[in-house]
Amino acid sequence: MPSPLDQAALNQLFLDAHTHNAWQGRPVPDELLHRLYVTFRMGPTSANSCPARVIFVKSRAAKEKLMPALSEGNRAKSMAAPVTAIIGYDMKFYDKLGKLFPHAPDAHTWFNKDEQTTFTHAFRNGTLQGAYMIIAARALGLDCGPMSGFDNAMMDQLFFSGTAVKSNFICSLGYGDPSGVHPRNPRLEFDEACSIV
Ligand SMILES: Cc1cc2nc3c(=O)[nH]c(=O)nc-3n(C[C@H](O)[C@H](O)[C@H](O)COP(=O)(O)O)c2cc1C
């Protein structure tokens with residue numbers, strides 16, 4: 001039976017965790033990125049559709065390729081991060097449902113009716129998977145710096161050309177330098193954001 005995580009775990013995942021802007025020199029091994037993937041892929045998506053596609057930009061050459069797509073304010077910190085994950089969503093995700101949801105052979109027809117339906121599901125579930133990735137990264141001891149300040153069309157041209165994948169957001173991954181963390185901004189109180197009916 002699952003039991004609540006202890007306070008230290010909750011602090012690491014949520015309460016003390018911050019968005020990071022500066023990075024220690026400590027590298028992120030490829031094995032850790034594999035471990036990150038096999039952890040976050042278990043988060044739930046509609047019909048187990050798993051539409052997120054991720055490129056972990058790590059080499060200097062790939063970082064140079066990434067740079068022009070970034071907004072000016074995001075450039076230096078992204079270049080300094082050991083890894084920049086580009087989280088995309090596959091607009092042809094339904095082609096893999098035969099593997100992912102085999103007990104419902106017609107599942108692709110739920111999602112490929114028209115472009116808007118496909119987009120709604122691809123973006124919703126791809127975004128959820130991006131969020132699972134952030135929490136999984138924190139659970140594995142990494143820090144994250146998510147960003148949407150970039151040119152999506154240019155990013156798609158540079159990294160997803162010839163595919164049906166579109167960029168959603170990017171996320172720096174590594175071991176953060178706490179001196180680059182911004183002060184915490186307030187969150188909404190329960191009554192401002194939630195109700196129990
Ligand atoms: C989807 C998304 C897009 C963001 N885009 C940017 C960005 O382009 N540039 C930036 O400096 N921070 C960006 N942020 C960082 C947020 O401002 C930050 O996560 C938020 O203020 C919470 O900060 P905290 O984790 O330190 O409390 C983004 C965060 C998310 C989740």
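Asn 48 is found in the loop between helix H2 (30-40) and strand E1 (52-57). Helices (H or I, at least four residues) and strands (E, at least two) are DSSP runs, numbered from the N terminus. The model is a predicted one: local features need pLDDT of at least 70, side-chain atom pairs count only at pLDDT 80 or more, and totals for chains, interfaces and linings use all residues. Residues are numbered from 1 along each chain as its sequence is written, and side-chain values use heavy atoms, with hydrogens and water left out.

Asn 48 is not a glycine, yet its phi is positive, at about 55 degrees. Asn 48 is partly exposed, with a relative accessible area of 33%. Here buried means under 20% relative accessible area, exposed over 50%, and partly exposed in between (1.4 Å probe, protein chains only). The loop between H2 and E1 also holds Cys 50. Its phi is near 45 degrees, again a positive value in a residue other than glycine. Cys 50 is buried, at 15% relative accessible area.

The ligand is surrounded by His 18, Thr 19, Asn 74, Lys 77, Pro 146, Met 147, Ser 148, Gly 149, Arg 184 and Arg 187. Helix H4 (72-80) and strand E3 (143-147) each supply at least two residues of the shell.

An N or O atom in the side chain of Thr 19 is 2.6 Å from an oxygen atom of the ligand. For the side chain of Asn 74, the distance from an N or O atom to a ligand oxygen is 2.9 Å. A nitrogen atom of the ligand is 2.9 Å from a polar backbone atom of Ser 148. The protein covers 60% of the 640 Å² of accessible area that the ligand has on its own. Accessible areas come from the Shrake-Rupley method with a 1.4 Å probe.

Asn 74 is also one of the buried residues of H4, which are Asn 74, Ser 78 and Met 79. Seen down the axis of H4, these residues fall within an arc of 120 degrees, so they line one face of the helix. The arc is that of the directions from the helix axis to the C-beta atoms. The face turned away from the buried side carries the exposed residues Glu 72, Gly 73 and Ala 76. The buried residues of H4 pack against helix H3 (60-66), strand E2 (83-90), E3 and strand E4 (165-174). Contact means heavy atoms within 4.5 Å.

Lys 63 is found in helix H3. Lys 63 is buried, with a relative accessible area of 1%. Leaving aside neighbours within four places in sequence, its contacts include Ser 78 and Met 79.

Asn 21 lies in the loop between helix H1 (7-15) and H2. At 16% relative accessibility, Asn 21 counts as buried. Its side chain makes a polar contact of 2.8 Å with the side chain of Lys 77. A polar contact is a pair of N or O atoms within 3.5 Å; within protein, one must be able to donate a hydrogen and the other to accept it, and residues adjacent in sequence count only if both atoms are side-chain atoms. A second polar contact, of 3.3 Å, joins the side chains of Asn 21 and His 182.

Key. Near = heavy atom within 4 Å.
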